[in-house]
Amino acid sequence: MADAVHTQSNPSAGFTPRVFSGIQPSGGLTLGNYLGAIKRFVQMQDSGAPTIYCVVDMHAITVWQDPEALRRQTRELTAGYIAAGLDPAKSILFNQSQVVEHAQLAWVFNCVARMGWMGRMTQWKDKAGKNAENASLGLFAYPALMAADILLYHATHVPVGEDQKQHLELTRDVAAKFNHDYGVDFFPITEPVIEGAATRVMSLRDGTKKMSKSDPSDASRINMTDDADTIAKKIRKAKTDPEALPSEAAGLAGRADARNLVNIYAALSDSSVDDVLRDVGGKPFSEFKPMLAELAVAKLSPISSEMARLMQEPAEIDRVLGQGAARAREIAAPILQKTYDIVGMIRS
C-alpha cells in the first residue's frame, strides 16, 4: 500500500502526488468505516505523498442533523481518526466547514456538472427514492461538493470504499469538463484507490447488505465504541451457514455471510483471503468465530479505549481541527483563486 501513489498509472502526470479523503460525521463509526476507509488512510500516511483527511460535516447536513449531535459526531469521528493512527503531525486533519473554499469551489462545479450526471447517481436514487421531491437540493448536488473537496487540493489519489467509486468517476468528469471548457490542464484526473480484503464490509446479520450505522439492529454492526465483551459477543452471534470453511476463495461463492467474516479476518490481520483460508480451511464456524473474535478485540478495543479518552478532551480535538483547517487553507486558497482567474472573476 505504501507505494500505491507512486506505482500505479497516473493520468494526472505533472501534478504533485497528493492524497485526500473524508467521512461524514452522520452517526457512530463502525467496523465498515474503519476497514473500508480509516485503516487505509493510516497506511497511506507513509506513501510518500502528503495526506489530507477531512470530516465532511457539510455533506452530513444534506439530511437534517441535530446540531448538538453533529458537534458530538464530528469530534467522535476526529477521535476515531486519531485513535486509529492518523497523526495530525503527518496528515492534515480538519472539518470541512472550517475551510470556506470547499463551498466556493462547489458552486463553480455546480455550474460545470450536468443535471443528468447527478440524476444517475445511485446514492441519490437510494437516499431520495420515491420521496425525491422532498429531498434537499444539497443531497442532489452532493457529488459536486465531493468533487470540490478533492480537486480543491489537486488530490491525485483518493482512498475510498466501493460505494464511493461512482462519485469519484463524476469527480473525474467534472475535472475533465472544466479543463476542456476553459482550455486548461488545471485539475488532475483523480485516481480512486480501492484496495484490501474488506473494501465493503457487510452486515453481521445479513451478508448481502452493507454494514450500516442506520440499521435498526445494533447486532448487525461492530461500533468502534464497542468494548471488548460487546465485540466478541456480536461476532459469536454473527450469521453463518452450516458448512465448514473452504480452503480457497472460490469456495465462498454463494456464501455471503461466510465471505464477510473471512474478509473481516483478512483485513484485520493484513492478510489475503487465500492466505486466511489456507490456515482455516476445513474448520467449522464454531472454531473460526472465536479466532475472529480474539483478533477483532485485539485490534479494535485499543482504538475504542483511546477514542473514549480523547472524547474527554473536546477542546484538544477542536484545537487539532482548527490547526488542520489553517494548514488546509494554505493549499486550498491559492487553488481557488487560480480557479476564479480561469473562470474570469474579478477580485480587488
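A nonpolar core is taken here as a set of buried Ala, Val, Leu, Ile, Met, Phe, Trp, Tyr and Cys residues joined through side-chain atoms within 4.5 Å, where buried means under 20% relative accessible area, exposed over 50%, and partly exposed in between (1.4 Å probe, protein chains only). The model is predicted, so local features need pLDDT of at least 70 and side-chain atom pairs count only at pLDDT 80 or more, while totals for chains, interfaces and linings use all residues. Residues are numbered from 1 along each chain as its sequence is written, and side-chain values use heavy atoms, with hydrogens and water left out.

The largest nonpolar core has 59 residues, of which Leu 31, Tyr 34, Ile 38, Tyr 81, Leu 268, Phe 288 and Leu 300 touch the most other members. Helix H13 (residues 285-310) gives the most to this core, contributing 11 residues. Apart from this core lies another, of 48 residues, among them Ile 92, Leu 151, Leu 152 and Phe 187. Helices (H or I, at least four residues) and strands (E, at least two) are DSSP runs, numbered from the N terminus. Contact means heavy atoms within 4.5 Å; not counting residues up to four places away in sequence, Tyr 34 touches Lys 39, Ala 84, Met 224, Leu 268, Leu 300 and Ile 303.

H2 is mostly covered, with 13 of its 14 residues buried. At Ala 37, H2 bends by about 35 degrees, the bend being the angle between axes fitted to the seven residues ending at a residue and the seven starting there. The N-terminal end of H2 is capped by Thr 30, a side-chain oxygen of which lies 3.1 Å from the backbone nitrogen of Gly 32.

Helix H4 (67-84) has 18 residues and reaches 26 Å from its first C-alpha to its last, close to the 26 Å expected. At its start, a side-chain oxygen of Asp 66 reaches to within 3.1 Å of the backbone nitrogen of Glu 68. Among the buried residues of H4 are Gln 73, Glu 76 and Tyr 81. Just after H4, Gly 85 takes a positive phi of about 125 degrees.

Helix H14 (residues 314-343) has 30 residues and reaches 41 Å, close to the 44 Å expected. H14 bends by about 35 degrees at Arg 329. The buried residues of H14 include Ala 328, Ala 332 and Leu 336, and the buried residues of this helix pack against H4, strand E3 (91-95), H5, helix H8 (137-151), H9 and H13. Just after H14, Gly 344 takes a positive phi of about 105 degrees.

Two of these partner helices deserve a look of their own. In helix H5 (residues 101-110) lies Glu 101, which is buried, with a relative accessible area of 4%. Leaving aside neighbours within four places in sequence, Glu 101 is in contact with Leu 152, Arg 329, Ala 332, Ala 333 and Leu 336. In helix H9 (residues 165-182) is Leu 170, buried with a relative accessible area of 2%.

Methods. Polar contact = N/O pair within 3.5 Å; in protein donor to acceptor, adjacent residues only side chain to side chain. Expected span 1.5 Å × (residues − 1).
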